[in-house]
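Hello,

Here is the structure I promised to pass on. Please open it alongside these notes.

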Amino acid sequence: MAKIEVVTGDITTRKVDAIVNAANSTMLGGGGVDGAIHRAAGKELYEECLKVPEGPGGRCAAGQCVVTGAGRLPCKKVIHTVGPVYTDGANNAKILENCYRNCLAAAEREGLASIAFPNISTGIYGYPLREAAEVAIRAVRETLPKTPSVKHVMFVCFNRENYQIYQDLLNNGE
Ligand code: ADP
């Protein structure tokens with residue numbers, strides 16, 4: 001079974017095979033982690049994103065993912081995924097779950113061994129932190145047996161609150 005780890009800090013510095021970007025459907029950058037990734041990766045990443053064809057849901061629809069190179073980042077690939085904008089009563093959990101599942105499946109297709117996830121949708125998109133962490137951990141645990149090339153999953157938390165939530169959930173085996 002792959003190792004699941006929780007760390008704090010800036011995901012752009014992680015020397016893993018792939019970091020996941022909590023992008024928006026334009027894939028052309030934005031605030032939060034998306035902005036940080038594009039700033040650190042430089043214009044090569046932006047230009048690669050521009051070339052991704054636009055579909056009905058933009059370059060990347062909610063719950064889906066697109067793999068690109070990593071520009072100047074120390075990782076090999078960026079997997080861009082679009083989380084749900086949190087709204088009451090909508091299909092948030094399913095979309096968020098699909099983000100994690102599809103990113104792992106993409107890592108498997110690319111033969112990648114290590115992947116770092118930010119806390120998708122918990123910033124500007126407003127997903128409650130604990131609920132989002134529960135969805136993330138469950139989706140990753142359920143998908144890993146089907147993605148044997150992925151040996152190491154890292155949840156990169158940008159603040160203590162998220163870090164503590166992930167520690168509690170992972171250590172309590174929930
Ligand atoms: P979303 O639009 O999906 O909510 P955000 O980028 O606003 O995306 O937030 C997602 C999560 O990423 C938040 O928990 C935020 O604190 C975190 N975050 C912001 N910058 C970074 C970074 N450089 N590295 C890792 N996580 C980050």
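Predicted model: local features only at pLDDT ≥ 70, side-chain atom pairs only at ≥ 80, totals over all residues.

Residues are numbered from 1 along each chain as its sequence is written, and side-chain values use heavy atoms, without hydrogens and water.

The sheet. Six strands make an open, mixed sheet, ordered E1-E6-E5-E2-E4-E3. Strands (E, at least two residues) and helices (H or I, at least four) are DSSP runs, numbered from the N terminus. Two strands pair if DSSP finds at least two bridges between them. Strand E1 (3-8) and strand E3 (65-68) are the edges, each pairing on one side only. From one strand to the next, the twist averages 25°. Strand E2 (residues 18-22) pairs with strand E5 (residues 114-117) in the parallel sense, over two bridges. There, Ile19 stands opposite Ala116 in E5.

The helices. Helix H4 (residues 129-143) and helix H5 (residues 160-171) have axes that come within 10 Å and cross at roughly 45°. Axes are lines fitted to C-alpha atoms, for helices over the stretch in contact; angles run from 0 to 180 degrees between N-to-C directions. H4 and H5 are therefore oblique to each other (under 35 degrees is roughly parallel, over 145 roughly antiparallel, 65 to 115 roughly perpendicular, the rest oblique). In the contact (heavy atoms within 4.5 Å), H4 residues including Leu129, Ile137 and Arg141 meet H5 residues including Glu161, Tyr166 and Leu170.

Best wishes
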